[in-house]
Amino acid sequence: MTEILALLQNIASLLEKTAFRQMSQVIFGMLVTSGRITMLGLSRWTEKGGSYRTIQRFYHSAISWKVIQWLFFRKCFLKVEDEYIVAGDEVVVSKAGQNTYGLDRFFSGIQQQVIAGLSFFTFSLVNVREERSYPMQATQMVKSAEDKIASKAKAEAKKVKKTGEKKKPGRPKGSKNKDKQEVALNPELVCIQKALQSLLETVGAMIALRYVVLDGHFGNYPSAFMVRQANLHLISKLRSDAALYPAFEGEHSGRGPKPKYGAKIDVHKMDTEYLKETSIEDNLRTDIYQGKFYNKEFAFALNVVILLKTNLDTHAQAHVILFSTDLEQTYDKIIKFYSLRFQIEFNFRDAKQYWGLEDFMNVKETAVTNAANLSFFMVNFSYALLQPFRKQNPDYSTLDLKSHYRGCRYASETIKMLPQKPDAILLADIFQQIARLVSIHPVFQPSASP
């Protein structure tokens with residue numbers, strides 16, 4: 001418990017004394033518990049001062065999580081000499097019932113279907129050198145009544161379009177050209193833009209952030225426009241069938257406006273002038289191409305990287321199209337930064353598997369917000385707790401950490417039953433041995449001294 005209190009001192013200035021005590025009890029309970037992370041489950045594992053009502057009061061307190069996450073990251077993990085990028089993604093957790101705040105139907109990437117649950121969009125800071133993601137803030141995505149009506153109308157229009165008559169060729173009568181420079185962001189992107197702006201304001205000038213990495217769902221112009229409005233560059237993925245055009249370089253005939261686009265490129269028959277790198281591994285050849293191309297959905301050129309893989313036995317091919325709005329960025333940086341986006345998925349896994357993101361049963365808005373953000377805070381907090389153990393054993397895992405604290409809890413309750421308390425040396429040895437019993441990678445308790 002002493003190491004927990006020591007780490008929490010980094011954010012003590014942001015919490016009232018009562019909230020600080022409550023938080024220390026909740027975190028200890030999350031480290032010790034072997035079952036689902038619920039308020040009732042935590043109250044059964046905490047020590048004196050961690051009753052159910054105490055934990056309930058904490059979950060219903062107003063807490064500025066974005067400031068807490070940033071201060072803790074700054075005190076424990078920030079290395080100003082390293083390069084950082086922003087990674088963002090949505091995580092969907094399944095929930096039952098009808099009264100939970102924000103409960104709706106969202107698409108779950110894990111289950112590959114729409115499910116009833118809650119959606120949180122999370123931004124994290126990724127250390128490029130360490131290749132590790134640190135979640136900074138989670139914003140709940142709540143659909144308003146107007147959004148639901150608009151979404152339903154859009155779905156109905158698609159059904160009518162599928163079953164109705166074929167569209168007449170040519171442009172509809174009375175249609176006008178649209179200005180691609182200006183985009184009306186949908187409610188999802190508006191919410192994400194506010195969260196991104198909030199993150200940038202919190203970080204301030206402490207870190208020079210230039211890139212935001214999002215998955216293929218955001219590989220479109222409105223998303224790029226949203227990121228560019230924040231003076232950042234977007235790195236994402238285009239659809240595999242995206243139409244790409246080089247800039248027109250031929251002679252203008254003199255009639256009409258000068259063409260903007262050249263001939264559409266075939267990603268399976270790229271010119272060698274765009275080839276940057278070729279490698280062969282396990283009879284699979286990988287060709288990497290890079291060029292400045294246009295897509296007619298975007299109002300500006302894109303820095304496109306195409307990874308074309310060819311099976312040398314069957315000659316079957318597959319490709320991925322990545323892009324960056326930074327036209328000067330090198331192809332290896334685009335590939336590396338996009339691959340680092342997946343680190344946020346490990347944050348989601350840990351938050352669900354160990355820290356209650358999938359377990360909480362809170363229904364009120366404040367309690368739901370606290371439960372989700374506490375899960376992501378524990379991802380960072382547990383990583384800080386793991387560092388001393390990993391100096392002795394690099395394979396020491398989160399399961400080992402939870403086993404260690406559970407063993408300490410058993411030892412504490414056992415010693416209370418003894419008629420006479422052992423001396424300090426024997427007491428420390430008892431804690432060490434019991435705490436190591438069920439660990440997969442057992443190590444001795446690291447010394448508190450540096």
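Author: A helix here is a DSSP run of H or I with at least four residues, numbered from the N terminus. The model is a predicted one. By that definition the protein has 13 helices, along with 10 strands. Being four residues apart in helix 11 (residues 365–392), Phe377 and Phe381 are separated by about one helical turn.

Reader: What makes residues at such a spacing point the same way in an α-helix?

Author: An α-helix has 3.6 residues a turn, so residues three or four places apart point the same way.

Reader: What makes the pair of Tyr261 and Tyr294 edge-to-face?

Author: The search of the whole structure finds 28 aromatic pairs. For Tyr261 and Tyr294 the centres are 5.7 Å apart and the planes are at 75 degrees, so the pair is edge-to-face, the cut-off being over 60 degrees. This pair links distant parts of the chain, 33 residues apart. Tyr261 is in the loop between strand 6 (233–238) and strand 7 (275–281), and Tyr294 is in the loop between strand 8 (284–293) and strand 9 (302–311).

Reader: Is Tyr294 buried or exposed, and what is Tyr261 called?

Author: Buried means under 20% relative accessible area, exposed means over 50%, and partly exposed lies in between. Tyr294 has a value of 19%, and is therefore buried. Tyr261 has a value of 22%, and is therefore partly exposed.

Reader: How do you know whether Phe377 and Phe381 are buried or exposed?

Author: The relative accessibility of Phe377 is 0%, so Phe377 counts as buried. Phe381 also has 0%, and so counts as buried. Both residues belong to one aromatic cluster, whose members include Trp65, Phe72, Phe73 and Tyr383.

Reader: Which residues touch the most other members of the largest nonpolar core?

Author: That core has 105 residues, and Met23, Phe73, Leu125, Leu374, Phe377 and Phe381 touch the most other members. Helix 11 gives the most to this core, with 14 residues. Leaving out residues up to four places away in sequence, Phe377 touches Leu8, Ile11, Met23, Ile27, Trp65, Ile68, Gln69 and Phe72. A second, separate core has 16 residues, among them Tyr211, Ile235, Tyr338 and Leu340.

Reader: How do you know that Arg132 lies over the face of Tyr383?

Author: The criterion places CZ of Arg within 6 Å of the ring centre and within 35 degrees of the ring normal. Arg132 lies over the face of Tyr383, at 3.4 Å from the ring centre. The charged end of Arg341 likewise sits over a ring, that of Tyr338, 6.0 Å from its centre.

Reader: What makes strand 5 and strand 6 a pair, and which unit do they form with helix 8?

Author: Pairing requires at least two bridges, and strand 5 (211–213) pairs with strand 6 in the parallel sense over three bridges. The bridge partner of Val213 is Ile235 in strand 6. Strand 5, helix 8 and strand 6 make a right-handed β-α-β unit. The buried residues of helix 8 (residues 221–229) include Tyr221, Phe225 and Val227. The buried residues of this helix pack against helix 7 (187–203), strand 5 and strand 6.

Reader: Why is strand 6 described as mostly covered, and what is its relation to strand 10?

Author: Five of the six residues of strand 6 are buried. Strand 6 pairs with strand 10 (residues 317–324) in the antiparallel sense, over four bridges. Lys237 stands opposite Leu322 in strand 10.

How values were computed: Residues are numbered from 1 along each chain as its sequence is written. This is a predicted model: local features need pLDDT of at least 70, side-chain atom pairs count only at pLDDT 80 or more; totals for chains, interfaces and linings use all residues. Side-chain values use heavy atoms; hydrogens and water are left out. Rings of Phe, Tyr and Trp (its six-membered ring) pair if their centres lie within 6.5 Å; planes under 30 degrees apart count as stacked, over 60 as edge-to-face and the rest as tilted. Helices (H or I, at least four residues) and strands (E, at least two) are DSSP runs, numbered from the N terminus. Buried means under 20% relative accessible area, exposed over 50%, partly exposed in between (1.4 Å probe, protein chains only). Contact means heavy atoms within 4.5 Å. A crossover is right-handed if, with the strands pointing away from the viewer, the path from the first strand over the helix to the second runs clockwise. A nonpolar core is a set of buried Ala, Val, Leu, Ile, Met, Phe, Trp, Tyr and Cys residues joined through side-chain atoms within 4.5 Å.
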